[in-house]
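Please walk me through how a ligand and the pocket around it can be read from a model.

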Amino acid sequence: MPQTLDREVSPAALAWFGNAAKMRIIERITADKSPKRVFDYGAGSGAGWARTLADHPEIELTCYEPNPRSAEALRRAVHAARVFSDQPDEITGAFDYIVSFSVFEHVADRAAYFRHARRLLKPGGRFFLNYDDGHFREPGNLLDALRNRIAPILPAIGLRRYYQARVHRADADRLAAQAGFELVDARYDNVEDLKALAKTIPEQDHPAFAQMWLDLEERLNSEFAVGSRMHLGDTTNLWRVMASRTLELTAA
Ligand SMILES: C[S@@+](CC[C@H](N)C(=O)[O-])C[C@H]1O[C@@H](n2cnc3c(N)ncnc32)[C@H](O)[C@@H]1O
């Protein structure tokens, strides 16, 4: 049966308009108003958090962002957040939710990344790990072409910040299991042409567009995902046009 969603997209989720994966995850986290601790793992400069926290003061946000300039921008934009930029193993706390948007493909030591997340997740908590493949599909982008080519040597010469490498689904799932996570759900996000189209939509139409987008992706995942031959590191047909995958993980 088609799964129709009749909820409105919340303002907290609309703060992340332009990326269906982020909107969907923020909706999950803000679905109730109970106090919660959230850890954003590789938060960049903060994206939609300022508005989301204004709507949801019950969220206590901690961020880790290794790039000092992005971390500084994050501190300026999201005053309420606790921001770490040094070693992730210095971070303490037990988090109800960990989110990590478009980070994993940039991580050189992926096993360590999972170990830190596992240590920080509360029993019964959820880790939404979202990774993208876009950097590896754009031969026209010279910077990506260069980074992809020299990625294997970057960590060895101390340039971890510029590392990026395609995530193969089997590797991500295996590393998650090895770190002590159980896979609750995995789905594909961000239909590529809709991501581009979203940039053209006037602000007053964002709620309706976001609703249509999330409904469509829900249906694609629940009704039209099938196995196919290996293509760009994944064997699911949706990966061909939805170059973003989200794992929902809990402590095993
Ligand atoms: C494409 S950006 C995404 C930023 C933000 N999550 C967003 O969605 O706007 C990738 C981020 O991953 C961070 N990053 C790279 N390696 C990391 C690691 N090992 N642990 C955590 N974050 C990392 C980078 O500094 C960068 O801010």
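This is a predicted model: local features need pLDDT of at least 70, side-chain atom pairs count only at pLDDT 80 or more; totals for chains, interfaces and linings use all residues.

The dialogue below takes up the ligand and then the pocket.

Q: Which residues are the closest around the ligand?
A: A residue is near a molecule if one of its heavy atoms lies within 4 Å of it. Here 14 residues surround the ligand, and the closest are K22, G42, E65, F101 and S102.

Q: What polar atom of E65 lies 2.6 Å from an oxygen atom of the ligand?
A: A polar contact is a pair of N or O atoms within 3.5 Å. For E65 the atom belongs to the side chain, whereas G42 places a backbone N or O atom 2.8 Å from a nitrogen atom of the ligand.

Q: Where is empty space left?
A: Rolling a probe the size of a water molecule over the atoms shows this. On a 1 Å grid over the protein atoms alone, a pocket is an open set of points where a 1.4 Å probe fits, with protein on both sides within 12 Å along at least five of seven lines, and lining residues have an atom within 4 Å of a point. The largest pocket holds about 1,500 Å³ of space, and of its 48 lining residues the closest to the centre are S102, V103, H106, V107 and R161. The ligand takes up space that is this largest pocket.

Notes. Residues are numbered from 1 along each chain as its sequence is written. Side-chain values use heavy atoms; hydrogens and water are left out. A polar contact is a pair of N or O atoms within 3.5 Å; within protein, one must be able to donate a hydrogen and the other to accept it, and residues adjacent in sequence count only if both atoms are side-chain atoms. A molecule sits in a cavity or pocket if more than half of its atoms lie within 2 Å of its grid points. Grid points are joined across faces, edges and corners, and a volume is the space filled by probe spheres set on the points.
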